[in-house]
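Below are some notes for a colleague who is opening this model for the first time. They are numbered and can be read alongside the structure.

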Amino acid sequence: MKVVVILSGGIDSTTLLYHLKAEGHSVFALTFDYGQRHRKELRCAASICQATNTPNQKVCLTALADVFGGNALTDHSVTIQPGRYDEQTLAVTTVPNRNMILLSVAIGKAVSLGYHAVAFGAHAGAEGHMYADCSPAFAAAMNQVAAVCDRRPIEVLAPFVNWKKADIIRRASELGVPFELTWSCYQGEDVPCGRCGTCLDRSAAFEDAGLSDPLSGQTT
Ligand SMILES: [Zn+2]
């Protein structure tokens, strides 16, 4: 099957790309610049495409940063508090309706390329904390709408939607995913901060998976 993958440059979407290729699918990667402060992930996504010889495109949605104001990922005046994800950190790092917007563009790309499906790296959150637009209900609803938004149905794949992050890391390890090329930290520095929700989530998942993160020794 031919699949457009939303590739952020993080572990989940990078593993998704490797996972789909291992299953024999041919993959086109879309990376979105929506004004995120953790811009290093854009460079990581480009390196991953180069390393895997994956055709790709970076889509500029920076004009949306004005629309998305008031959250820590796109509004640089909002600070990211250190600590594990909870309702408050989730709220401040939520880019409103991000996955529906990104999937809409990816579905359009799939239609224009004559591809069959789009895929995104949604997975189950730690301790019940998760973004609404990563839930199984959201993925299923997007799959339904993608089936009827063009004359030819497009499928929305979210193979990790019920997986914990540690499951993704174990799968990534089996697939030989180059963890050192991936990026998770929400702060806009060159090395991971080690304290934000996504850094702590990443290190806890590596610990659960019984593996070590090549980026863990580089924290600020
Ligand atoms: Zn961090």
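1. Read along the sequence, the protein chain runs β-α-β-α-β-α-α-α-β-α-β-α-α. That gives eight helices and five strands. Helices here are DSSP runs of H or I with at least four residues, strands are DSSP runs of E with at least two, and both are numbered from the N terminus.

2. The model is predicted: local features need pLDDT of at least 70, side-chain atom pairs count only at pLDDT 80 or more, and totals for chains, interfaces and linings use all residues. Residues are numbered from 1 along each chain as its sequence is written.

3. Of the 220 residues of the protein chain, 40% count as buried. A residue is buried if 20 or more other C-beta atoms lie within 10 Å of its own, exposed if 12 or fewer, and partly exposed in between, with C-beta atoms placed from the backbone. Among contacts between residues at least 6 apart in sequence, 71% join residues at least 24 apart. Two residues are in contact if their C-beta atoms, placed from the backbone, lie within 7 Å.

4. The largest nonpolar core has 52 residues, and those with the most contacts inside it are V3, V4, V5, A106, V118 and A119. Such a core is a set of buried Ala, Val, Leu, Ile, Met, Phe, Trp, Tyr and Cys residues joined through C-beta atoms within 7 Å. Neighbours within four places in sequence aside, A119 is in contact with V3, V5, L16, L20, L157 and A158. In soluble globular proteins, nonpolar side chains tend to be buried together.

5. Helix 1 (residues 11-22) packs with helix 7 (residues 165-175) at an angle of about 50°, their axes 10 Å apart. Axes are lines fitted to C-alpha atoms, for helices over the stretch in contact, and angles run from 0 to 180 degrees between N-to-C directions. Helix 1 and helix 7 are therefore oblique to each other; angles under 35 degrees count as roughly parallel, over 145 as roughly antiparallel, 65 to 115 as roughly perpendicular and the rest as oblique. On the helix 1 side the contact is made by I11, D12, T15, Y18, H19 and A22, and on the helix 7 side by I168, I169, R171, A172 and L175. By class, these residues are seven nonpolar, two polar and two charged. Ala, Val, Leu, Ile, Met, Phe, Trp, Tyr, Cys and Pro count as nonpolar, Asp, Glu, Lys and Arg as charged, and the others, Gly among them, as polar.

6. Helix 7 also packs with helix 8 (residues 197-209), at an angle of about 65° and with axes 8 Å apart. Here K165, A166, I169 and R170 of helix 7 meet D201, A205, F206, D208 and A209 of helix 8. This contact has five nonpolar, no polar and four charged residues.

7. Two asparagines deserve a look at the backbone. Most residues other than glycine have a negative phi. Phi of N53 is near 55°, a positive value, and N53 sits in the loop between helix 2 and strand 3 (56-60). N53 is exposed, with 7 other C-beta atoms within 10 Å. Phi of N97 is also positive, near 55°. N97 lies in the loop between helix 4 (87-92) and helix 5 (98-113) and is partly exposed, with 13 other C-beta atoms within 10 Å.

8. N97 and A132 are 35 residues apart in sequence and 8.9 Å apart in space, C-alpha to C-alpha. A132 belongs to the loop between strand 4 (117-119) and helix 6 (136-146).
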